Each structure stands twice: as C-alpha cells, then as structure tokens.
Amino acid sequence: MKLEFEIVPDGCWYSNLRSALKKSDWDKIRFDAYKRAEGKCMICGAPAKRLEAHERWSYDERLGIQKLEDVIAVCHDCHCVIHIGRTQLMGDEDRAISHFMKVNNCSYADYRKALGEANMVHRRRNLVPEWATDLSWLARMKIKV
Ligand SMILES: [Zn+2]
C-alpha cells in the first residue's frame, strides 16, 4: 500500500526528532524535504500549498534498533493517516479513513485489516525493552547530534 500507518513504539527516544535537534538543523532537514517534494505530497502526490515534514524510521526488533531512514514532505491528510492513533484521539478518524481508502484504492475492510496489523506490530515492538537509536542519516545532511 502506498499510504501506511507508522506507529512509533512507546519507549522510543527521538520519536520526535525536531525536539531533539537545534531549530536551525531541523529547518535545514525539513526545507530539504519540501524542496525534493516540489509542491506535491511525497506519498499521495496531491499538490499541497502546505506540506508537513515526516520522519521515517525503521525498527530492527531483534537488535532493538530504531533507525532514521528519511524525512519526507507529506500533505496533512496523509500525515493524519500515518499517525492514526493521534488522529483517532482528535476525533478525525473519518477523514483519515476516506483518505486512506482513496490513496490506496481499497475498501473499509482493508482499512480495518491494515489498522489491526499496525496495532499488532505496535504491541510487538513495545515488547522490546529498550531501543537504541541510529541517526546516521543525519550525517548525510551534515548534521551532528
Ligand atoms: Zn498526501
């Protein structure tokens, strides 16, 4: 699926990269993402006046390593789907559901199934007692932490 849920494990540090970086470094990262996006959401491709920066992490459950893979620019609707837990709390799930179905060209049943799987992965990752963080991606952006 083009657009997927990305639920950050509870114990993860740097789950919010921007608060861990100097503002100027975070700006450099997000403006680079906006430039690469050329005015379009990097997931659904919709033209967007305002894009939002989204951190992509991978999780190695065996080694307990969360690794920053990329920072991409996405539209607000895609961002709401990605962080579905927060969106549900804000009472905005209906809008996220229709966006998910449109972008992935799928049914509501597919949405429920994908959400169930994402929640299962989330619970499994929460069993990792401690996550180490790999921020080597930042070196490519010439940013030190
Ligand atoms: Zn989008």
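## Asparagine 105 and the loop between H5 and H6

In this predicted model, asparagine 105 is found in the loop between H5 and H6, and its phi is positive, about 50 degrees, although the residue is not a glycine. Asparagine 105 counts as exposed because 9 other C-beta atoms lie within 10 Å, where the cut-off for an exposed residue is 12 or fewer.

H2 is followed by glutamate 38, which has its place in the loop between H2 and strand S1 (52–60). The phi of glutamate 38 is near 50 degrees, a positive value in a residue other than glycine. Is glutamate 38 buried or exposed? Glutamate 38 counts as exposed, because it has 9 C-beta neighbours inside 10 Å.

## The hairpin of S1 and S2

Strands S1 and S2 pair in the antiparallel sense, over 9 bridges, and they form a hairpin with 4 residues between them. Within the pairing, aspartate 60 stands opposite isoleucine 65 in S2, while in the turn glycine 64 has a positive phi of about 65 degrees.

## The largest nonpolar core

The largest nonpolar core has 22 residues, and those with the most contacts inside it are Leu3, Cys41, Val74, Cys78, Val81 and Phe100. At least two residues of this core are supplied by each of strand S2 (65–74), helix H3 (76–82), helix H5 (93–104) and helix H6 (108–125).

Which residues does phenylalanine 100 touch, leaving aside its neighbours within four places in sequence? Phenylalanine 100 is in contact with Leu3, Val81 and Tyr111, and two of these partners, Leu3 and Val81, are themselves listed with Phe100 among the core residues that have the most contacts.

## Confidence of the prediction

The mean pLDDT of the chain is 93, and 98% of its residues reach 70 or more. Among the elements of the chain, helix H1 (residues 17–20) has the lowest mean pLDDT, at 82, whereas H5 has the highest, at 98.

Methods. Residues numbered from 1 in each chain as written. Predicted model: local features only at pLDDT ≥ 70, side-chain atom pairs only at ≥ 80, totals over all residues. Core = buried A, V, L, I, M, F, W, Y, C linked by C-beta atoms within 7 Å. Buried ≥ 20, exposed ≤ 12 C-beta atoms within 10 Å, placed from the backbone. Contact = placed C-beta atoms within 7 Å. Pairing = 2+ DSSP bridges. pLDDT = per-residue confidence, 0-100.
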